[in-house]
Amino acid sequence: MTTALDRGAPAPEKTDNGRRGSHALRWWVLAVLGVAQLMVVLDATVVNIALPAAQQDLGFSDGDRQWVVTGYALAFGSLLLLGGRLSDLFGRRNTFIVGLIGFAGASAVGGAATSFEMLVAARVGQGVFGALLAPAALSLLTVTFTEPSERAKAFGIFGAVAGTGGAIGLLLGGMLTEWASWRWVMFVNLAFAAVALIGAVLLLAKHVVAQRPKLDIPGTLVVTAALFGIVYGFSHAESTSWTNPVTLGFLIGGAALLGVFVWLETKVAHPLLPLRIVLDRTRGGSFLTVFVMGIGMFAIFLFLTYYMQLSMGYSPIKTGLAFLPMVAGMVLSSTTAPSLLLPKVGPKIVISGGFLVAAAGMAWLTQISLDSGYVTHILPALVLMGLGLGGAMSTAFQGATSGVHHDDAGVASAMINTSQQVGGSIGTALLSTIAASAATDFLSSHQPGPLAVAQAQVESYTTSFWWATAIFVAGAAVTAFLMPNTVPAPSEGEPVLAH
């Protein structure tokens, strides 16, 4: 007779095979997954502050500088769905460990880089192995925590790590660059990876393949090319223009290939992304939430960093420290909203309300000027945005993997990372273009001079903040319309703890 445990679902009261201490082991697994997730997320911003020092050391041009950031984004964003499916097919533990070792190796190469080409190759390598690591980490969390109260707490903590990683990256990048060397921005990943690797080897059960894995090769090739085209198109628009032929070619080509991919997934026997994963309203609304958040959050990190350093004269470390109240707000709401608010008011209210609170914080930032103070104009806005985005983010992470079969946990997890990455690429390009246009319009109507230039910069930031406010309000409206207000069902679990 087939038992629940044989099928991969937790048997009542015996999910952990009757072993004492398994409850505590699950939280140790969460710690391991959190360290790995933090390493991947902060790498999107930790390098930014170190770039000027790396550029001076290796002697590359301003035009080449963007490739250090874009190389990571292209590899990571375009390979996430493949990485997620590989973790489903060959085992989450195996994929997680390979991702950790590869990410650490690429980081070591980047830290030891003696040329621009070597640094970019290392960043691409980080993106490739990050695309394996991130979905495997979230899917391991999904199948480890299936009991509702534990699941809410675990996803809250994991969501806090994912949401605050960018801000922590700014602080860590500033500290390492100022106190050590830009190379330690890369080398520090070796410490993160070592801790996570030891934990994974000791705590996670080895995967047993019951049947020969099958991979959707046509779908993989098409969606990888589609995501590459979209991410590259938006990156190219940021450095050129929206009407540039290369920009238009990659964006239109990427969108067309995405349409082909959707068609393919309805025809193949073993689709890379079963459409049932995204067509479920709870999961679809969660993916959309993270996508919209990715667009708007880049306005916070990018333009507020510029404002504090260029207009207020903050050092990199002081800028990173200035973001800590937002981190605190995110941690507070991420760890309380899923367990306290979600069961009482439902995901629609938590996410829509979170968007509106974040929009209020973003609107507060539109009032900044050349003589604004941190306590009056920035601190309240950061706290509001942290509280709003933290609650919405952790709820969306839980909803995105709601009710998935454990065989689909990896690709469902990859979708939430893909949504965040593509949203971030769109946000960076769109809001950078809007900011540049606002600065140009201001200078064209004012007497030229240092004061006008400084004021034009502030004008560009506030315009971006207004757009981000509107994006968050639109996210609240769409979520309220699309998402059902039922608490997300847990995913089907499977044994993941080592015996």
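User: Leaving aside its neighbours within four places in sequence, which residues is Pro 338 in contact with?

Analyst: This is a predicted model, in which local features need pLDDT of at least 70, side-chain atom pairs count only at pLDDT 80 or more, and totals for chains, interfaces and linings use all residues. Residues are numbered from 1 along each chain as its sequence is written, and side-chain values use heavy atoms, with hydrogens and water left out. Contact means heavy atoms within 4.5 Å. With neighbours within four places in sequence set aside, the partners of Pro 338 are Ala 152, Gly 156, Ser 333, Pro 343, Ser 394 and Gln 398.

User: Is Pro 338 buried or exposed?

Analyst: Pro 338 belongs to helix 12 (residues 324–345); helices (H or I, at least four residues) are DSSP runs numbered from the N terminus. Buried means under 20% relative accessible area, exposed over 50%, and partly exposed in between, with a 1.4 Å probe and protein chains only. Because its relative accessible area is 2%, Pro 338 is buried.

User: How far apart in space are Pro 338 and Gly 159, C-alpha to C-alpha?

Analyst: In sequence, Pro 338 and Gly 159 are 179 residues apart. Their C-alpha to C-alpha separation in space is 10.0 Å.

User: Why does the span of helix 13 agree with its number of residues?

Analyst: The expected span of a helix is 1.5 Å times one less than its number of residues. Helix 13 (residues 347–365) has 19 residues and should therefore span 27 Å. The span agrees because the end C-alpha atoms of helix 13 are 27 Å apart.

User: How are helix 13 and helix 16 oriented to each other?

Analyst: Axes are lines fitted to C-alpha atoms, for helices over the stretch in contact, and angles run from 0 to 180 degrees between N-to-C directions. The axes of helix 13 and helix 16 (residues 450–482) cross at roughly 165° and come within 8 Å. Angles under 35 degrees count as roughly parallel, over 145 as roughly antiparallel, 65 to 115 as roughly perpendicular and the rest as oblique. Helix 13 and helix 16 are therefore roughly antiparallel.

User: How do the residues of the contact of helix 13 with helix 16 divide by class?

Analyst: Residues of helix 13 in this contact include Phe 355 and Met 362, and those of helix 16 include Trp 466 and Phe 472. Ala, Val, Leu, Ile, Met, Phe, Trp, Tyr, Cys and Pro count as nonpolar, Asp, Glu, Lys and Arg as charged, and the others, Gly among them, as polar. The contact of helix 13 with helix 16 divides into 15 nonpolar, five polar and one charged.

User: Which handedness does the crossing of helix 7 and helix 15 have?

Analyst: Helix 7 (residues 217–239) and helix 15 pack at about 20°, with their axes 8 Å apart. That angle makes helix 7 roughly parallel to helix 15. A crossing is left-handed if the near helix is turned anticlockwise from the far one by less than a right angle, and right-handed if clockwise. The crossing of helix 7 and helix 15 is left-handed.

User: How are helix 3 and helix 4 oriented?

Analyst: Helix 3 (residues 92–111) and helix 4 (residues 116–144) pack at about 155°, with axes 7 Å apart. That makes helix 3, relative to helix 4, roughly antiparallel.

User: Which residues does Ala 137 touch, not counting residues up to four places away in sequence?

Analyst: Ala 137 lies in helix 4, and at 1% relative accessibility Ala 137 counts as buried. Outside that sequence range, the residues touched by Ala 137 are Leu 33, Phe 96 and Phe 158.

User: Is Met 175 buried, partly exposed or exposed?

Analyst: Met 175 is placed in helix 5 (residues 148–179). Since its relative accessible area is 26%, Met 175 is partly exposed.

Conventions:
Helices (H or I, at least four residues) and strands (E, at least two) are DSSP runs, numbered from the N terminus.
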